[in-house]
Structure formats: structure tokens, C-alpha cells
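Q: Could we go through this structure together, beginning with a strand pairing?

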Amino acid sequence: MAEVKSHEFDQFLRNSTRLYRIFLIYGPDRGLVSERAGLIAAGTKVPADDPFAFVKLDVTDLHGNAGRLLDEAYAIGLFGGQRLIWLRGVANEKAVIEAVQALIDKPSEDCSLIIEAGDLKKGVGLRKIADGARSIASIPCYADDGRALNALVDAELAAENLRITPAARHLLLEFLGGDRIASRNEIQKLALYCRGLETVDEQHVFDIIGDASAISADDAVDAVLKGDKEGFLHETRKIITSKMSIFLVLQSCLRQLQLLDAMRAEMDEKNTQPAQIMQTQGRHLHFRRKPVIEALLKSWSAATIAREMNRVQSAILQTRQRQSLEESIALQTLLAVVLQASRKG
């Protein structure tokens, strides 16, 4: 396996993609997974508008037709030349695992395979196969850290010849993270709003990304995590009435779930109690939220947290892809988390 770390990806894209036929792109940041898959697809130079050379599949297309992926991989192009299969939505489906193993044993001479997957565990399924195969480029995609987000801000604003004040940057970064496509879209929206100016300031960030009404967002997130259905409906009505974007609640909820995931992992690894984890990783939490997080650590397993985190991440990506449905997608997703929390409670 050739594992491409986040800081190595740009160089890998420029110099090394031609050395591989299979690309496994996975991780919790679904936007970044999709973005990197698109860059690799573009780098193959296979025309995206040629249905005989460029095949896009969803993993559901393999249901009831497990051999389709191999049939496509070994098919001969009508006009010859290189071919590309782009497979999306993969977890650890048996049909995909078997097809990848077959392609390792008997590579296709003229076909490349890009696999978009979720957050795969090490040593299981596709990652287990990739770990032992030199012919697979494995590309993990985790949520952007501060350095990556700053680089993204600089790159998008530079395209519009914009600078940003330190205070505005700090405020902007509070709204970003969790999903690369969502973060990029927010910055592009800000850049478009400020086109023709020289500098982006705090007021511009407030104006275009939304009034950072932290109390309203925090109250809604607390209601979600507590499983308080009535409180959630009350807070979302206030948010919608105030014209604040419900997307901010979705994003804030994701951050709390990511923190919860890290805390639960440490709790399981060290076999400690929630109260002990709260004293280390939970020190910076607002005092009102601490009992909520501690209760979830007691009642939610690591698998439950991962499922809800993936649910919210998927919704964030959907809101960026279908912005006209942003409010509906966000509300439905948050309500689903509320119901899950209420059942566990």
C-alpha cells in the first residue's frame, strides 16, 4: 500500500497518480473524499463526457449484480484508450472487496478504479486489502486542521485578490471545518460578496456567513444532544425567525459529535469513566453543556456516536450540493439525532 498523507496529496497528484490503477479514498470528511476523487479523476485525462470510457457507479448499483464492477473493469473500450470507473458510497461491501482483490491479482491493463468510501477501520475489509497491496494508493481524508483551513482561506480569497484581517480570519475559522466542500463553499460565498474590495473584515463575515448568534446555536445544539424534542423545535423556530442559517446549528452539532467521538475513544482505550474524561478533554466545555456530554458518554457506544457523526457529515455535504433544500435537510437530520438521543436517554 502507498498511503498518501494529507500534506503529501498535492505532490502525489502532480507526480505519482500514473503509477497506480486503484485509488482508495476514504475518511470522515466526505467533502474532502469527494474533492480528492474528482481531482484524481481529472488527472487521468479520461473524458468525463464519454460514457464508453468514463463510468460512474454508486455502490447501490452493485446490489443484485455483484459482478458488475469486474465486468466494467475488464471491458474493452469501444474506441480503445484508457478507461475510468468511479465508485461512490462504499463501506465494506463484499462485492467491492472481492472485486478489488481480483483486480489486485489480475490488474486491468487499461482501466483505473477510484473508490470513494466512508470512515474505514484499519485492518478491516477494504483497508485490510489495501494495507497489503502495493498497487493501491490509499488516501485518508480527515477533517481539516487549523493549518489546512488557513491555507484554504488564503487560496480562495487570493483568487479574488482579497486580504482578510486577523479578527475576521479568527471569526471565519469558527464557522469552518468538518467538511472540505462545505468549508470551500462558505469561503467562496464570502469572496463573491467582497469582490472588488481590498480587505475582508469581521462585518463581512457576519453579513454573509450569518450572524454568529452563538447563544441561539448553542441552545439548539444542547437540545439536540439532550434529546429534547420540544426544546429543539422551540429553538429552531427562533433561529428560522431570526434569519440565522440552520446550517450553523448542523455544523456546531458536528463539532460536538467529533469531540464526543474522541472522548469515547479515549474512554474505551484507557478503560476510564466519563467523569475522568470530562476532566481532561472536557475542560473547555461550557458548564451548561458538560452534564449533557457526560450523559452521552455513559449512554452512547462508539458505534452510535460514529453513526450519528456520519449522519450529520453526510447532511452537511448534501446541503452544499443542494442548497435550495438546505433548511429541510438540516432540520430532518437534526431531528433524527434528537430522536436517537431521546431513546438513549
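Q: Which residue stands opposite Leu 84 in β5?
A: Ser 112 of β5 stands opposite Leu 84. Please note that this is a predicted model, in which local features need pLDDT of at least 70, side-chain atom pairs count only at pLDDT 80 or more, and totals for chains, interfaces and linings use all residues. Residues are numbered from 1 along each chain as its sequence is written, and side-chain values use heavy atoms, with hydrogens and water left out.

Q: How many bridges join β4 to β5?
A: There are 6 bridges between β4 and β5, and the two run parallel. Strands (E, at least two residues) and helices (H or I, at least four) are DSSP runs, numbered from the N terminus.

Q: And how many join β2 to β5?
A: β2 and β5 are joined by 4 bridges and run parallel. In β5, Glu 116 has Ile 25 standing opposite.

Q: What is the strand order in the sheet?
A: The order is β1-β6-β2-β5-β4-β3, with 6 strands forming an open sheet in parallel pairing. Two strands pair if DSSP finds at least two bridges between them.

Q: Which strands stand at the edges?
A: Those are β1 (2–3) and β3 (54–58); each has a single partner strand, so one side of each is left without a neighbour in the sheet. Asp 58 stands opposite Arg 88 in β4.

Q: Which strands does helix α2 touch?
A: Helix α2 (residues 30–43) packs on the sheet and touches β2 (22–26), β3, β4, β5 (111–117) and β6 (136–140). Its direction makes about 170° with that of β5. Contact here means heavy atoms within 4.5 Å. Axes are lines fitted to C-alpha atoms, for helices over the stretch in contact, and angles run from 0 to 180 degrees between N-to-C directions.

Q: Where does α4 lie?
A: Helix α4 (residues 94–105) lies across β2, β4, β5 and β6, at about 145° to β5.

Q: Moving on, at what angle do α2 and α8 cross?
A: Their axes cross at roughly 85° and come within 5 Å. That makes α2 roughly perpendicular to α8, given that angles of 65 to 115 degrees are classed that way, under 35 as roughly parallel, over 145 as roughly antiparallel and the rest as oblique.

Q: Which residues in α2 and α8 meet?
A: Gly 31, Leu 32, Ser 34 and Glu 35 in α2 meet Arg 180, Ile 181 and Arg 184 in α8.

Q: How do α8 and α15 cross?
A: The axes of α8 (residues 180–193) and α15 (residues 302–321) come within 9 Å and cross at roughly 40°. The two helices are therefore oblique to each other. The contact is made by Ile 181, Ala 182, Asn 185, Glu 186 and Lys 189 of α8 with Ile 316, Leu 317 and Arg 320 of α15.

Q: One last item: is Leu 19 buried or exposed?
A: Leu 19 counts as exposed because its relative accessibility is 55%. This residue lies in the loop between α1 (9–15) and β2.

Methods: Buried means under 20% relative accessible area, exposed over 50%, partly exposed in between (1.4 Å probe, protein chains only).
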